[in-house]
Amino acid sequence: MSVPQAPSRSPMKTDQLFVNLGPQHPSTHGVLRVGLTIEGELIVKAEPDIGYLHRGTEKLCEIRTYPQCIVLSDRWDYCSAMTNNLAYCLAVERLLGVRAPERADALRVVHCELNRIASHLILVGTYGIDIGAFTPFLYAFREREMILDLFEMSSGARLTYNYIRLGGVMRDVTKEFAEKTREFLAYFKPRIDEYDELLSYNPIFLDRTKGVGALSAKRAVEWGLSGPNLRASGVAYDVRKWEPQCGYEKYPFKIVLGKNGDCFDRYHCRVREMREAVKIIEAALDGLPEGPVMAKVPKVVKPAPGEAYAHVEGARGDLGIYAVSDGTACPYRLHVRAPSFVNLAILQELFVGQKLADAIAILGSFDIVLGEVDR
Amino acid sequence: MSIEEVIARLFSKFPASEKSAAPVKDYATIQLRSREDLLPVLSLLKEQGFAYLDMLSAVDWKGPVLMEGYVREMNPNALQPGGAAARPAPAPAPGFAYRDEMTAVYLLSNLPDRLKVFLKVDFPRSDAVLPSAVGLFKSADWQEREAYDLFGIAFEGHPNLKKILTAQFLEGHPLRKDYAHVRDRFDA
């Protein structure tokens, strides 16, 4: 007697249901709204809705002077404001034809990589919460607090630093900063293994993330993903290797790659990237050259008319700044190629066919910051 | 493959296009003659490995910006009693590279060969229509919606061309230089 084959989808007819995910839901990491049409547990249609945090910084830049715009750049990706400062300053320095001194370059690298660790720690912590593990959050934020203390020591601020300036950095770091940073790195290195033990190889966490939301390399490139999201699919695109600036070519580090491009790979790429960042900071501190931290930049910055593009590897991907100068003290046009904004676009396609609970796991693994998405 | 070979191949197929007179510093920049060339050039570049659309944006050349486009006056003098006196609006003078045109800027990357190329195409402001690149690059989807929202460029063939960043009630396209802000209930 043949056993009747169970249909893959339940024959029970269910009505479609519209679910608003966000904009004030903790798992959307800010003010993102996703309009989900679900059929039972399955998502049939997803419409991400952004713009709740739109402050029009590109418009605001047009009436602010070049140094004033650095302050605005802090507010794009507020979890890694150092890389925003860097991208903006590099673009304007290209317009000006100015290069930062070597010591400033090394300090920029130290601060950007520390900020990368701080930003990835947020992902490790909050992604755990999204999936249902609360403890890693407390561990990650304990370490992040130490990095913020270091930044407070060098820049005076804990979130919006305005530390990297046109032609260099705001001020030199003290001896104490270098000592404390080394102390922190020595403390932090074994902690990364701790995260792996606590979260990465936790069987429940693996069940929720392995094979969920997998992206092929071709699809990831097509959608313009960048940063750890792209590298998780096995595409070795890292601006620090591709177009090294600030002396990144001097430091020994590997491009961290994933295989399957699923949620676990996206998450674990970031954990492994923290190890590489530690290596870069150590090398930069060891070879920290003496000298000035500021190049000669005119008091009133008025670049010659022209256009420039500079991009850096931010914590969330390829952050590019396209700047047009008309010879006045304010940028004529400033465009921000925000990695989170471009990364987020794929969700409308990736969510379809997933279960509602997996949608939270996928969204969390993309590590978006809505300040950067909406600008 | 070097960037020179790519450009030479492109110029042989599209003789009207040329190296841009206003290039982006340190990058190869190609100026297209007309917007009809845009999709064929994009697909030609895609065939040559430029499968990654990095950035898509635009510049409006009808500057300088109108101050009515901003909610607040620039540099209000907080020390004066009663705030700063309203400054007279500057006499309208044509700004940098003034013309009644906009330029769309595309940045394409060839990831295996480590190449980047900028494409520029000019079009009149009153007839801001471009063919959509969504069929070739999915990442154009939201970036075109952004350009539509902020610049008012209509991308023909875009599957879902609607506002993305600004509020639903906001009228006009804020990054156009002649945008004037209409006071709403959120202005103090």
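Strand E4 (residues 101-110) of chain B pairs with E5(B) in the antiparallel sense over ten bridges. Here, strands (E, at least two residues) and helices (H or I, at least four) are DSSP runs numbered from the N terminus, and two strands pair if DSSP finds at least two bridges between them. Before going further, please keep in mind that this is a predicted model, in which local features need pLDDT of at least 70, side-chain atom pairs count only at pLDDT 80 or more, and totals for chains, interfaces and linings use all residues. Residues are numbered from 1 along each chain as its sequence is written, while chains are lettered from A and ligands numbered from 1 in the order in which they are written.

The hairpin of E4(B) and E5(B) has four residues between the strands, and in it Arg114(B) takes a positive phi near 60°.

E5(B) also pairs with strand E2 (residues 28-32) of chain B, in the parallel sense and over five bridges. In this pairing, Ala28(B) has Val117(B) of E5(B) as its bridge partner.

Put together, the strands of chain B form an open sheet of five with the order E1-E2-E5-E4-E3 and mixed pairing. At the edges stand strand E1 (18-19) and E3 of chain B, each with a single partner strand, so one side of each has no neighbour in the sheet.

Helix H2 (residues 38-47) of chain B lies across E2, E4 and E5 of chain B and runs at about 175° to E5(B). That angle is between N-to-C directions, on a scale from 0 to 180 degrees, with axes fitted to C-alpha atoms, for helices over the stretch in contact.

In all, 31 residues of chain B are in contact with 34 residues of chain A, contact meaning C-beta atoms, placed from the backbone, within 7 Å. Strand E3 (52-60) and helix H3 (140-151) of chain B each supply at least two residues of the side that touches chain A. E3(B) gives the largest share of that side, six residues.

Technical notes:
Two residues are in contact if their C-beta atoms, placed from the backbone, lie within 7 Å.
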